[in-house]
Each structure stands twice: as structure tokens, then as C-alpha cells.
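This report walks through a model of two chains, beginning with their contact and moving on to the packing inside one of them. It is written to be read beside the coordinates.

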Amino acid sequence: MIHRRRFLAAAGAAGGALALFPWLGRRVEAQTLPPRLLLVFTPHGTVWSRFRPDEPTGDFTSSPILTPLAAHRDKLVVVDGLHMEVGTEYYVPHTYTMPLLWTGSPIDTASPLFCRDDHDVCFGWGTGTSIDQYIAERLVPETPSRTLELGYRCNGLHPANRMIYSSPGATKNPIDDPELAFEQLFGGEVDPDAEAAARLAFRRKSVLDTVLADFNARRGQLDATDKARLDAHADSLRELEKSLAASGQTCPRPEAPTQVDAETAIDRQSELIASVFGCGLTRIASFQLRVADNDNSLYPWVGLEEGGHHTLSHENDDATLAKLAELYAWYSGRFAYLLDRLAATPDVDGTSVLDNTLVIWGSELGTGWNHSLEDVPFILAGGANSRLRGGQYLKVTNALTNRVLVTALHAMGLTDVETYGTTDTGSGPLDGVLTTS
Amino acid sequence: MRRLTALQVERTVSDVFGVQVDLNVADERLLTFRSNISASIDTASARGYLDFASAVVAATDWQRCESGCLDWLLDEVGLLLFRRPLDDAERTRYSALYELALDNTDDPQEAAGWVAEAMLQSPTFLYLDEVATEAGVLDDYSLAARLALLLWGRNPDSSLLAQAEAGELSTPEQLAATVELMLADARTETGIRDFVDQWFDLERLDDPEVRPDVADLGSATIRALREEPVQYFLRLLRSEAGVERLLTDSTTVASTELEELYGADIVDSDADVFELDPERRGGILSLPGVVAALSHAHRTSPTLRGKTVLTGLLCTPPQPPPANIDTTLPEVDEGVSTRERIEQHMESPVCGNCHRGMDGIGLALEKLDWLGRYREEENGIAIDDTSTFPLGSEEVTVQGAAELGAVLGASSSVAACVSRQWLRYALGVTETAAVDCLVEDLASEATGARGLERMMVKALASDWFRLSPEAAP
């Protein structure tokens, strides 16, 4: 109660947040909300010889790659031993497992239309729905945006470059540039002149109604596939209209990101995610850092100055692995910074945003140089109310990455789900990861 | 149903409204070519179109139609954006929007802005609206749209639309005659640029994060590196060359920005062309922009170069590696040449199986470094650029870029594959096996005098291009 009062006082000082943002009030009243969910991706697995700690108990963040996470150890579950089931005899490395990552369902290899790569193999988009979208569908959050997709350098439309599926074949595009994300999420300052704001809303709606009438006229002449594609576009327009209307009462603007470059952009996006969660724009988000499709970016600030991440990840001599480990450790640092920001953002119940959030960090494969789907690294992080039993290095055997997906669903309160995705051959969440509620 | 690429939208809008605005909506890649045939538009992309439309309306000089913006929008803009005249329902709909805006704002220019904003987000603008006759032949407006988007990289202009209105694209002969004229038209440079640039993935040169070594050369040199293969192709097309010269010709367009990079490779030059040392350079593969794009930062990639030859010039892409197999690589000694490093890696039987063919071809280009400069040595070791690889049913051995080009230029597989790439780019869909007959025909046109032009024209006058996707053979 004290916490709540303190928050309300703070909110009052910030300009009457509750009056402006009614959904915050609803959240304060609700006693038992499921936690927030944030899915994080970085490319090309890890270097296990420098990821796995010597002692899996106690100070498990002592390995070179996990060291940056030491401050958050009590809030982490590091999972070692998960594998992916790709569901096909051959697979195009990186590409086939990106759609699988959060959906637990394979890429569409039966689609004869969409040969998406220069391998002599035809494939299409993913056949599943990613857990964040599934959860949003089940829980129907009343937030202005049901889910939010952010990222960094996610490139063009290709199955290896997208991980979030609102339905089979329909990916969601992350906003992959902090300045654009800021502009879209917080950019439109509320016009103090209510009449002007209403005029803009009327104009937008009138234009959109005409566009939708065009969609309607056009769809009559199309076959089922094209019709579905056009309908999805029209639905997106309607959803956009709704979220723009809601952003008329948007969150207090955080500071605009400055000095954005390749080394700092990820942290800038992390700050935006903390702001977005903090003011309740959404409770479910994803954060895709670069792509599974041959990410050949250089990271000169960690000494990766020639070749590129993907090229180097195909080599396994000791010097290269040491260099790659520096990169993976840097990514651990970025993940730690994300957790820092979530921890530093006050939540409406007086705790921190991190306390009420489950963060899951995964990759599209286990080890880069041999495209191994054994041992895909996953790190779960979450605060007191995420139901995560932190402080564990969990060694599992014979478990699919689908177990992580089911664990997330249970943490979000969907305990009726025991399997997720069509590749799933197991059942239930990971043992010992969640507290029983 | 294809959705226009971002570049096609931007160029069309620049033609129609006279403004340059960036569209922030991602494109799909069909093999190496951009073609938006499968993905649906999510809210982020819908936002991209909305912001684009608003920015275009804000930047447009509405004085141009002061006296009658609605008529201008309905009669001219609508035609140019939708690639055919507006139908009655559309005219009624947009007129109603204009009237509604006028009632609310009392400002004709503001009202015109509402209408333009709607047109720019309309599916009729963003998606190709292809209409076919009962026989499956596309109507003339649909064909005009296909031709302009392909060859000019933008919507048809009013004169091509007038040809469509007059029914002048209906027969294969009319189509072929129009294509011949368009190929000679300077605007076709844009379409050829899209084709060549995407074919060899030259976009890779323009990413400072991936290629800081290229970025250090400065934007003028990067532009020149990226442009040279396009101009090289155009020069061959305009000089009545056959496809074999695309792989062998050692004359390239003159470029002051690339003069220093070529250095002693230039044996003669005039205002228009560089004559390159035919021992060192021959064919599009040996151009600095192409070999530089097919490299990584500060190192060559025989794998990437070989893969591009297999995929882009032979149409025999390598198979992906099997899943979950033990591919333990041998440790590689330090300070060895790229060739040795690759050969050591190839000792692994699982990797070597595919990589020998791929990297083998690439090793012939080893004397052209990651920025496309000629070199004789690497780490003080003389470079061995001999290369043995399977071509068709035989195994060939070549030494260096020029010999590689000569062997590829003489190969009928290459003539067929270049034709196939053009067809793929033109159709914007992955072709089925049924297209093989046409590819064979095209390949036989492609070599010899005017081969490139004949092949390109024939592809665009074929039933594959003239018929709707459902009716295509």
C-alpha cells in the first residue's frame, strides 16, 4: 500500500499520469496480473567452451561469456542442453531455424511458390505462431499495443530475418532503428489543442475509410491466396488506426535517443523497451538483434575487424573462438544492460519493471561453425513476480527448445498448454524453473 | 500478386509529384532479386506507407494544380499511380473524400492532400492489378505496367499508357517492337541497374558496418564500384554483344574514380572506355565492384565468389549442408594463404564434398583482392590462382580470372543461366520446370551478334511474360 501511494505521488508530480493513461489505473487495481514477456534474439549461437562454467553450481556466471551477467545472477536461469528439431532431412542453416525459434513449428518446405534462397531447395515462411502473439491472442491485453516488436538491423523480408509470426506465414516486422522507434512510439506529442487533435484524427479516419473501400473493391476479383494477403494488409491498417488513436494519449516522452551508432544502438533500444513497459504501452514485446541470415557485421570495438560474425563463426581454431567469445560476451553485456534498465524502471505496484517481467534470450542455433542444433543457448531472466526460480545453471538432457516456449506460457498463466508447436515431442515446462503458484 | 518494391514506389512518386521521399517498408528477396510476392503487410509496414503518404503530401507543391486539384488527381495522378484510368466507383469515392475534406477544412489544397494520401495507400497503387482476357493474355495496361516496372523501375509514363489504351501491346510482335524501343531508351538504365545490382548483390558494398574497408574508399568510389558492372552490361547490350562477351570482354567504361584502383591493369583508354589487360581482367566477374562485393572485410571469400558463379551464372546452387553432423575442422596454421586455409578445411570430407566445387571456382579469382585490386602476392607468398572444378559433365582447370571468364563464356550452361536470371527478374516469381523449354530457346538466341538484346526481347515477348500467372504455359 505504501508502495502504491508513493507511486501515485510520483505520478502526480509527473503530470497526472493516471488521468492521462487510464490503463495504468486498471493495472494497479488488478491484483494478480501475469508478468510481462520479452523475447530476445542474438544470432549464431555461442562458443560453448567459453560459455559453460567450470562449476555449474554457485557462481555459474564465472565463464568468460557469462561474466557480464554476474550482477543479475540471482534472477537468471541459464539452460544448457536444449536442442532444436528442424523436422526435415536437410536444412538450410540459420534460415530454417529462425521461424522455428519462438513458434516451435518448422518452416514451410511444401510451398512450391517461394524459393527463398540460393540453395536448390524451396521453402516458404514459418508454419507456426510465435508464443508472444499466441499469448496476446489468449490474454487480450488492454494495452494500446497488444504486442511490440523492436530490433536492430533486421534487414529485408526473408524467413531468416524474421522470428515473430502472428499466424502461419504472417511475420511481424520489428522497428529496427532506435530513432524511428522513438519517433513512432513517443514522437507525436499530444496536441494541446484538443480541436486540432480531433481534426487530425478525423482526417486520418476519413482517408483510411476510402483506402479500405479500395481494398474491399479489389478483393472481389482475387483468388483465395491474394485475398488473404490483401485482408491481412487491411487488418493491419485498422490496427494501426486503433493504435494511433490511442497514442493521442501517449506515454510521457522519455529522452530521445542520441549518439546512435552500431555500438550503442542496442542499448538505446533497451532504454525504449524499459520506457514502453514502464508506461504500459504493451506487456508483450520482442527484441531481435540482427538476423540469422549470415550476419557478417563487424564489431571493431571487441576486436572483430575483418571477416564478419558469420564468416568467423564457421571457424573453430582457438584464436577465432577466443575472438568470437569476446563478441558473445559483449552481447551478454547488452543483455545485462537491458536487465539494468528494466530494473531501474519503477513499476506501478512500487516494484521495478524487471520484477514483473520474464525475459527470454535465445538464438537460431547452438554453435556457429558446424550449424549445430544441439545445445542451443537459452537464458531466462526475471524478477520476483515472474515466477522464475532464478540463480540456476540448469543442465538438461534430451529436451527440445519447445520446453522453453511452454515454460513461458506457464509463467504467463496459460498453464493449460503442455506442448507448443508441431515439432514438439515432449510435454510441460522445464522442470524446476518456475515456482508453483 | 506482386507488391511494388520500395524503389519502384519512390521513383513513381517522384515522377508524379516531383518529390523525393524515402519509403520505409522492407522488400522480399526472391533468390537474389527483390520481388514482393508472399509476405503480407503488418502494422509496422502499414505505418511505413502511412508516413510515406503524409510526407509526400506535405512536400508536394500544390500550387501546380491550384485551379483544379481534384481533376488533376482523378485524371492524371490516378492514371499514373494506378497504371490505368480510374473506374467510376473510384472516381466517386475519391470525389466524396475531396468534398468531405472541403466541408471540414474549407481549403482545396488540404482537400487534395487527403485524396493523394488515400491514393498513395491504395492497394491499386501498391499491388499490381493484372487483368487477363479469357485466353489468359494480360490486357495492355497490365503489360505496360510489367514492362515499365521491369525496364524503367517505375510505373509507365503517359505515353506508354496511351499505347496501352490504343491496344498497341496486344500481339507478341507489337510487344517485341516496344521492348526493342525501350531497351534503346536511356530510362532503361534504371531497370538494368536493378537487375545487375541485385544479380551480383552489389548492395553489399554499401554497408559500412559489414564493409568498413569499402566505406573507407569514400562514397564517390563506392558509387563507381557499384555502377561499373551496370554500365559494363549496358555497354555490351548497346554494342550488340552476345552473352559470351559478358564473361570475357576486357573493355570497360571509363571511370575517373576507379582509375587508381585499376592502376597498371589499364593498357589503353579514351574518354569513354578503359582497355584492361586481358591477362588480368576479362568479363563481369573480374570487375572490381563484383569481386569486392563478393568478399568480406579485409579478406577475399573464394566460397562466396564460387557460390555466386554456381548460383548466378551456372544455376546449379550448392546443396545446404546436412543437419546435425560432426563437421570437426582441422586446426589451421597461422599466417598461411587463403588458398591453404581453404585447402586445409577441405580435408574434412563432409565439408569438402560441396566446398571443393564452390571454393575451387572462387580460387581462380584470388589475384583480385577484397577491394577488387589486382595483386600477385598474399602475406608475401605468390598467389596460385589455378582452379579445377566440374563444369557440365567434364572437369576443367583454369588459371586466373580471364581464363575462368573464357571457359564460362564458352559454356552453353552459362548462356542458359543468364537467360534464366533475366526471365526470373522479369517475371518476379520462381519459375517452374515448365519454363526450361523457353530457357533453351533463349539460350540459343543469347550468343553471337546482338545476342543479349535478342534474348532479352524474346523473353519479354514470350507467353511467359504475356500471360497471367495462372495461364502461363
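In this predicted model, the contact between the chains draws 62 residues from chain A and 51 residues from chain B. On the side of chain A that touches chain B, strand S5 (170-171), helix H7 (194-219) and helix H8 (224-246) each supply at least two residues, and the largest share, eleven residues, comes from H7(A). Sorted by class, the residues on that side of chain A are 28 nonpolar, 21 polar and 13 charged.

One residue of helix H7 of chain A is A:Arg204. A:Arg204 counts as partly exposed, because it has 18 C-beta neighbours inside 10 Å, and the band for that class lies between the limit of 12 or fewer for exposed residues and that of 20 or more for buried ones. When residues up to four places away in sequence are left aside, A:Arg204 touches A:Glu241 and A:Leu244. A:Arg204 and A:Glu241 are separated by 37 residues in sequence, while their C-alpha atoms are 7.9 Å apart in space.

**Chains and domains**

Chain A has 437 residues, of which 54% are buried, and its secondary structure comes to twelve helices and nine strands. Among the contacts in chain A with a separation of 6 or more, 71% are between residues 24 or more positions apart. For chain B the assignment gives domain 1 (1-129) and domain 2 (194-320 + 333-409), with C-alpha centres that lie 41 Å apart.

**Helix packing in chain A**

Helix H9 (residues 265-278) and helix H11 (residues 318-344) of chain A pack at an angle of about 30°, with their axes 9 Å apart. H9(A) is therefore roughly parallel to H11(A), since angles under 35 degrees fall in that class. The crossing in which H9(A) passes H11(A) is right-handed. From H9(A), the residues A:Ile266, A:Asp267, A:Ser270, A:Glu271, A:Ile273, A:Ala274 and A:Phe277 take part, and they meet A:Arg334, A:Tyr337, A:Leu338, A:Arg341 and A:Leu342 of H11(A). By class, this contact of H9(A) with H11(A) has seven nonpolar, one polar and four charged residues. As background to such lists of positions, an α-helix has 3.6 residues a turn, so residues three or four places apart point the same way.

Helix H12 (402-411) of chain A is mostly covered, with ten of its ten residues buried. These buried residues run from A:Asn402 and A:Arg403 through A:Val404, A:Leu405, A:Val406, A:Thr407, A:Ala408 and A:Leu409 to A:His410 and A:Ala411. They pack against S1, S2, H5, strand S7 (357-362), strand S8 (378-382) and strand S9 (392-400) of chain A.

Helix H5 (residues 131-139) of chain A, for its part, has A:Ile131, A:Asp132, A:Gln133, A:Tyr134, A:Ile135 and A:Ala136 as its buried residues. What covers these residues of H5(A) includes S1, strand S4 (165-167), strand S6 (284-289) and H12 of chain A.

**Backbone positions with positive phi**

Where in chain A does A:His44 lie? A:His44 is placed in the loop between strand S1 (36-41) and strand S2 (76-83), whereas A:Gln259 lies in the loop between H8 and H9.

| Residue | Position | Phi |
|---|---|---|
| A:Val140 | just after H5(A) | about 40° |
| A:Gly413 | just after H12(A) | about 95° |

Terms used:
Residues are numbered from 1 along each chain as its sequence is written. Chains are lettered from A and ligands numbered from 1 in the order in which they are written. This is a predicted model: local features need pLDDT of at least 70, side-chain atom pairs count only at pLDDT 80 or more; totals for chains, interfaces and linings use all residues. Two residues are in contact if their C-beta atoms, placed from the backbone, lie within 7 Å. Helices (H or I, at least four residues) and strands (E, at least two) are DSSP runs, numbered from the N terminus. Ala, Val, Leu, Ile, Met, Phe, Trp, Tyr, Cys and Pro count as nonpolar, Asp, Glu, Lys and Arg as charged, and the others, Gly among them, as polar. Axes are lines fitted to C-alpha atoms, for helices over the stretch in contact, and angles run from 0 to 180 degrees between N-to-C directions. Angles under 35 degrees count as roughly parallel, over 145 as roughly antiparallel, 65 to 115 as roughly perpendicular and the rest as oblique. A crossing is left-handed if the near helix is turned anticlockwise from the far one by less than a right angle, and right-handed if clockwise. Domain bounds come from an automatic or database domain assignment.
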